[in-house]
Amino acid sequence: MKICYYLQFVILIGISPLLFAQVDYQTQIQPIFNDNCTSCHGSNGGVDLRSYNALMNSIGNKYGTNVVVPGNPNASGLVDKIEPNPQFGNRMPNANGIPQSDINLIRQWISEGANEVATSNENNMQLPNAFKLLGNYPNPFNPSTQIKFELPESAQYSISVFTLTGRVLMEQVGYANAGVASISVDMGSNPTGIYLYQVSAVVNGKVNFIGTGRMTLIK
């Protein structure tokens, strides 16, 4: 409630809330789940609310997508389930739900991009303005390398590795916050050679091609 009153106050006096730090997941959102949700949603099966990574990789079977859609609380199954009259099944965590102030805080967090760490408006201005592949390092490597790319907003990423003949060797999917992402790819089970990789990101259901690179594994 204090946070809601605070936001109302800064709006009332004409100060934009974006000048202040965003909602922090670890100190403001995770405690809500710990107090109300993890007793039922705290396993590797189904929706897992024990941690940020578990939540962001949870798929709502009825909704057919991740339960959190960064930047869009109305499309997030998590929000639908904690508000009255959800689209599927009963309201969670129980018939009475959680306080409206907590729901508002979760909605605000998702609207701000569902970041794990709160960022200030000054930091937001320094974010990349486009998706961009930065390459991989080290290269050559053995057995793993870090693929780096820029994200103007938080997104689910996909890294596909191919042989020079176009055969897909592996696909790696995860979630990364806005900024520069550095993802480790382990090629230890593959022979020495030159490989291609392709990186893409999904935001609000739209696939954004980031780039294609070449890397060399030397054993």
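Trainee: Which residues form the aromatic cluster?

Mentor: Tyr 25, Phe 33, Tyr 52, Trp 109 and Tyr 175 make up one cluster. Keep in mind that this is a predicted model, where local features need pLDDT of at least 70, side-chain atom pairs count only at pLDDT 80 or more, and totals for chains, interfaces and linings use all residues. Residues are numbered from 1 along each chain as its sequence is written, and side-chain values use heavy atoms, leaving out hydrogens and water.

Trainee: Why is the pair of Tyr 25 and Phe 33 called tilted?

Mentor: Rings of Phe, Tyr and Trp (its six-membered ring) pair if their centres lie within 6.5 Å; planes under 30 degrees apart are stacked, over 60 edge-to-face, and the rest tilted. Here the centres are 6.5 Å apart and the planes sit at 50°, so this pair is tilted. The whole structure has seven aromatic pairs. Both Tyr 25 and Phe 33 are buried (under 20% relative accessible area with a 1.4 Å probe, protein chains only; exposed is over 50%, partly exposed in between).

Trainee: What makes S5 and S6 paired strands?

Mentor: Pairing takes at least two DSSP bridges, and eight join S5 (residues 155–162) to S6 (residues 168–176), running antiparallel. Strands are DSSP E runs of at least two residues, numbered from the N terminus.

Terms used
Helices (H or I, at least four residues) and strands (E, at least two) are DSSP runs, numbered from the N terminus.
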